[in-house]
Amino acid sequence: MTQERASEEKPYRRLETQALLQQIAFRHGLEAMEASENGSLAWVTSGFPVEIPIAMNLGVVYPEQAGAIIGAQKIGPAVSGYAEDLGYSQELCSYARVSIGSTEKPDEVPMGSLPTPQILLAGNNICGTVLKWYDAISEMTGAPVFLLDTPPIEKQQLPHNQEYVRHGVERLIEFIGSNFNRTLEEDRLREVAELSSRATKLWIRALEACKNKPSPLNCADRFLTMAPVVSSRGTEHCVEFYESLVAEVEERAKQGIGAIRDEKIRLLWDNIPPWHTLRFFNILASRGVVFPADTYTHAWTGNMVGTDTPSIIDEVVETYSKVYLNMGLDAKVDKMCQLIDDYDLDGFVMFSVRSCKRYSLGQLVSKEIVTERTGVPGVIIEGDMVDSRVYNAAQIETRVDALLEMLM
Amino acid sequence: MNYEGVIEQSSVGLKELVESGEEIIGYIYPHVPLELFMAHGFTPSLVRALPGTSSGFEESLQTFACSYIRNLYSQRANGQLLPLAGLLFPGNTCDALQNLGDIWRVRFPDDRVFRLTYPVTRYSQDESTTKFLAEELRILSETIANTFNRPFLTESYDRAIELVQDFHASAQFLYSARVVNPKIIPYSEVVRLIRTFLTAPTISSVSNIKDTAARVRVTSEDLGLVDMIETVRLAITSGDYSGVKLPEDLETPRVVIAGGMVEPQAIATLINDIPDISDSAIVLDLLSFGFKTAFTEAPSKSSDPYLAMAQSVLTAPGEPTHEGLSYRMKAMKDLLSNLSIQGLMVCEQSFCDPDQFEAPSIERAASELGVKTVRVPLDPELSDRGRIETRIQTFLDTLE
Ligand code: SF4
Ligand code: SF4
């Protein structure tokens with residue numbers, strides 16, 4: 001296969017489909033710019049029911065993804081500095097900081113600053129930080145904020161919680177409608193939801209192919225290829241992208257071709273990746289370590305169509321309330337244990353991300369429970385996904401070495 | 001008295017209650033309907049961060065957890081918490097408390113942990129927010145009744161409404177009186193009375209604050225200030241400052257303290273410890289455990305107590321954990337400009353997302369009015385105290 005020819009010497013194999021990614025990103029960028037110029041661009045948080053703004057013909061962009069791009073360019077500290085100059089503490093979420101920083105000085109951040117929003121759509125099913133972050137952007141840009149409040153649920157979503165979120169979704173539709181003078185056509189929403197669901201199902205297929213040994217994808221592959229399911233869910237081209245990805249991944253699996261050349265140890269990755277140091281995974285690849293599963297990319301597997309709810313709005317309510325990030329520590333632990341089991345993993349690495357209190361506080365406890373329940377060892381490393389100033393590579397290496405010694 | 005002593009003193013009432021066999025349910029987030037616990041025969045007590053508790057959290061929390069939850073966890077891990085029948089965590093306020101509740105359940109499985117989840121929406125223009133919270137309260141009430149076999153007693157509830165209402169009326173009067181004349185009673189005294197009540201809301205702690213309010217009322221009458229005080233109270237509760245009248249010879253500087261779960265008594269102690277400065281410079285605070293607790297309306301006597309309590313909770317001035325930054329900034333600007341404020345101290349705890357996100361907006365809003373600001377990092381342990389005092393002193397000097 002061509003991918004092997006291109007990177008014969010490297011310990012990992014490059015995905016062909018990655019080339020398509022650039023096209024999608026380029027197209028997405030152009031569409032966003034156009035939407036902004038036409039006065040209809042929404043900034044959206046990653047757990048937001050994006051099907052609704054898309055069905056109402058708004059352009060959407062995801063600032064978290066822009067944060068990842070800024071992180072990957074290693075300009076996180078500089079861009080964050082622009083926000084810190086405005087008084088935002090270095091202790092705040094770095095996605096928020098670089099978003100505020102790049103909004104303040106867009107010319108300094110050619111790749112990663114987003115076109116001006118006309119509306120800001122925040123969903124707190126991933127964390128409480130997003131509302132405050134979008135409020136800050138609203139102050140800077142004048143775009144109004146809508147918060148879809150999905151109060152965290154324990155075990156099951158109670159009727160009053162469902163009813164409250166349902167009201168929120170209805171208000172969201174009204175809010176977009178009154179701000180842009182348009183209505184939501186149920187048929188169009190179904191169509192978008194159907195596309196979104198097809199993309200998600202394909203994404204899940206790609207993820208599940210990693211149960212194979214060797215795993216056809218490594219962590220960094222998934223972090224990169226998850227972009228469309230986050231940013232272009234509900235569009236035709238997103239579905240096309242995942243069709244190509246699945247074809248390539250399943251072919252790899254069929255032929256026994258792994259994401260890394262010599263798979264010896266299979267680990268679970270927990271949390272957002274250090275975007276500034278994705279080579280972390282490649283370095284480990286050279287030691288035979290692959291990450292067939294991670295909690296981050298598996299978070300985007302909510303599936304709208306096909307649940308037995310009476311209406312599409314109810315599906316939105318259910319799907320977006322039950323994101324496992326909104327279901328507490330037990331749900332996170334269950335998810336980790338299930339992934340370790342299903343993907344036959346030997347251990348796990350938890351990235352304790354200073355930015356993200358919602359996801360990271362609790363890791364010290366969940367590490368113990370996961371080991372107790374699965375019998376596999378884990379390690380916690382600390383740093384940040386965008387702000388490389390708080391990423392201590394040497395310390396991280398020592399910790400990971402200790403884990404590998406146990407497993408070798 | 002040092003700060004530790006001040007805090008210790010406000011817990012005396014609680015210790016006595018525990019010793020007399022009273023059962024206590026602790027809560028952490030201030031906006032809790034105390035009446036609900038009292039209706040079930042419990043004494044609700046606000047569990048707060050304590051000075052001098054700097055370690056104990058390390059097994060369960062990273063260093064980037066906010067200083068407040070680190071402190072709470074450490075208290076529990078070190079056995080410093082008084083025996084509680086149960087502990088109520090808030091849901092959907094800040095990420096730190098959301099996670100602390102989960103961690104607590106795992107680490108202290110014998111503790112009875114309850115959770116009351118709040119709506120973040122404040123401006124929904126429909127009843128969904130109140131209905132959601134009312135249902136949360138009804139579920140909490142049922143859980144308490146089933147766990148302890150103590151039903152919700154309407155008589156106890158009615159008595160509680162009156163007790164809490166008396167507290168609010170007195171606290172609001174004292175706050176408003178200080179806006180008109182900050183020397184009429186020290187800030188430290190007002191926040192001590194409030195803390196004592198929140199720690200143990202008993203007939204005796206309410207009498208204390210009521211008696212003090214009555215004394216201040218007499219002084220205000222002598223000084224001819226009562227009407228002015230009423231205009232201030234009305235303005236703060238309604239948001240309409242058009243009727244406010246203040247004396248012409250107001251003493252300066254006039255400073256407001258902004259922030260979230262920062263301890264009002266810590267600020268009072270800090271300022272009073274600075275030579276040649278007294279807390280009469282503080283005209284008002286906007287803190288969760290001070291102003292925002294005092295200016296919450298009591299539940300109405302309606303046929304549905306849960307709905308009434310939910311409505312009451314939602315009258316509290318907005319927190320940064322809620323939606324509505326622009327509403328909060330407008331409310332703050334109205335208050336600053338109409339109450340002749342010159343300076344704003346913006347307090348923030350380390351790694352507190354709500355405080356740290358709001359601070360730059362507060363600074364901008366204040367500067368638009370020409371009100372000077374200073375940011376004060378303030379942890380429960382008052383670490384770096386010397387530097388903080390210097391910073392406050394320098395700030396107050398600039399206002400002269
Ligand atoms: S706090 Fe965490 S979940 Fe929230 S925006 Fe930041 S990284 Fe994402
Ligand atoms: S509001 Fe701030 S200080 Fe209070 S618990 Fe949350 S993060 Fe900590």
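Analyst: We can begin with A:Cys337, which in this predicted model has a relative accessible area of 8%. Buried means under 20%, so A:Cys337 is classed as buried.

User: Why is B:Cys352 counted as buried?

Analyst: The relative accessibility of B:Cys352 is 14%, and because the limit for buried is under 20%, B:Cys352 falls into that class.

User: How do you know that A:Cys337 is too far from the closest cysteine sulfur for a bond?

Analyst: The closest cysteine sulfur belongs to A:Cys219 and lies 18 Å from the sulfur of A:Cys337, whereas a disulfide requires the two sulfur atoms to be within 2.5 Å; the pair is therefore too far apart for a bond. A search of the whole structure finds 0 disulfides over all chains.

User: What makes A:Leu30 partly exposed?

Analyst: A:Leu30, which lies in helix H2 (residues 18-37) of chain A, has a relative accessible area of 43%. Partly exposed covers the range between the buried limit of 20% and the exposed limit of 50%, so A:Leu30 is called partly exposed. Together with A:Phe26 and A:Met33, A:Leu30 makes a nonpolar surface patch of about 320 Å².

User: What makes strand S1 (residues 24-27) of chain B and S2(B) a pair?

Analyst: Pairing needs at least two bridges, and because these strands are joined over 4 bridges, in the parallel sense, they count as paired. As one contact with S2(B), B:Ile24 has B:Thr43 as its bridge partner.

How values were computed
Residues numbered from 1 in each chain as written. Chains lettered and ligands numbered in written order. Predicted model: local features only at pLDDT ≥ 70, side-chain atom pairs only at ≥ 80, totals over all residues. Heavy atoms only, no water. Patch = residues over 30% accessible without salt bridge, like charges linked within 9 Å, V, L, I, M, F, W, Y side chains within 5 Å. Areas by Shrake-Rupley, 256 points an atom, 1.4 Å probe, with all protein chains shown as cover. Salt bridge = Lys/Arg side-chain N within 4 Å of Asp/Glu carboxyl O. Helix = DSSP H or I, 4+ residues; strand = E, 2+ residues; numbered from the N terminus. Buried < 20%, exposed > 50% of the residue type's maximum accessible area, 1.4 Å probe, protein only.
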